[in-house]
Amino acid sequence: YSESSKIYFKELTSNLESLGVKFEIDNNLVRGFDYYTDTVFEFVSIASDSLSQSTIIGGGRYDNLVEKFGGPKLSGIGLGLGIERLVNDFELNSSENEVLFVPDAYVLNLSEESKSYCLKVVSILRNSGISID
């Protein structure tokens, strides 16, 4: 792993931890696209009985894909989801009387410099009982 990849991964995991996001590191996780760089991820249902069908969302980071198609050097993330699995998981884990989550507010990070500040604001608001995305 390159030094920049190690720094990126450390920053990513630190941000997830500061937000209280539970995650597991799986060094054997592979997504089937060559253009992913650094991090790949999966969101896995905890309700599923079958491990082979438990992934709801999967994706990863790509740093070179836009440039390969003639665009600017631009980083991004991509993901795919199984809508049938998502709906099935939602039906298994919700009641008819449950209301879909709608946050009280949103925080949008517009620059690299403001990322840490935005994460702190989100954490403070969540710890104060305000639902925020």
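Patches are built from residues with over 30% relative accessible area and no salt bridge, like charges being joined within 9 Å and nonpolar side chains (Val, Leu, Ile, Met, Phe, Trp, Tyr) within 5 Å. The model is predicted, so that local features need pLDDT of at least 70 and side-chain atom pairs count only at pLDDT 80 or more, while totals for chains, interfaces and linings use all residues. Residues are numbered from 1 along each chain as its sequence is written, and side-chain values use heavy atoms, with hydrogens and water left out.

**Exercise 1.** Determine which residues form the nonpolar patch on the surface.

Solution. Accessible areas come from the Shrake-Rupley method with a 1.4 Å probe, and for residues only the protein chains shown count as cover. The patch consists of Ile 77, Leu 79, Leu 81, Ile 83, Leu 86 and Val 87, which together have about 530 Å² of accessible area. Two or more residues of the patch come from each of strand S3 (76-81) and helix H3 (83-92), where helices (H or I, at least four residues) and strands (E, at least two) are DSSP runs numbered from the N terminus. Leu 79, found in strand S3, has a relative accessible area of 52% and is therefore exposed, given that buried means under 20%, exposed over 50% and partly exposed in between (1.4 Å probe, protein chains only).

**Exercise 2.** Is Asp 63 buried or exposed, and which residue does its side chain join in a polar contact?

Solution. Begin with the position of Asp 63, which lies in the loop between strand S2 (55-62) and helix H2 (65-68). Its relative accessibility is 13%, so Asp 63 counts as buried. The side chain of Asp 63 is joined to that of Ser 75 by a polar contact of 2.8 Å (a pair of N or O atoms within 3.5 Å; within protein, one must be able to donate a hydrogen and the other to accept it, and residues adjacent in sequence count only if both atoms are side-chain atoms). Apart from neighbours within four places in sequence, Asp 63 is in contact (heavy atoms within 4.5 Å) with Thr 37, Asp 38, Lys 73, Leu 74 and Ser 75.

Conventions
Salt bridge = Lys/Arg side-chain N within 4 Å of Asp/Glu carboxyl O.
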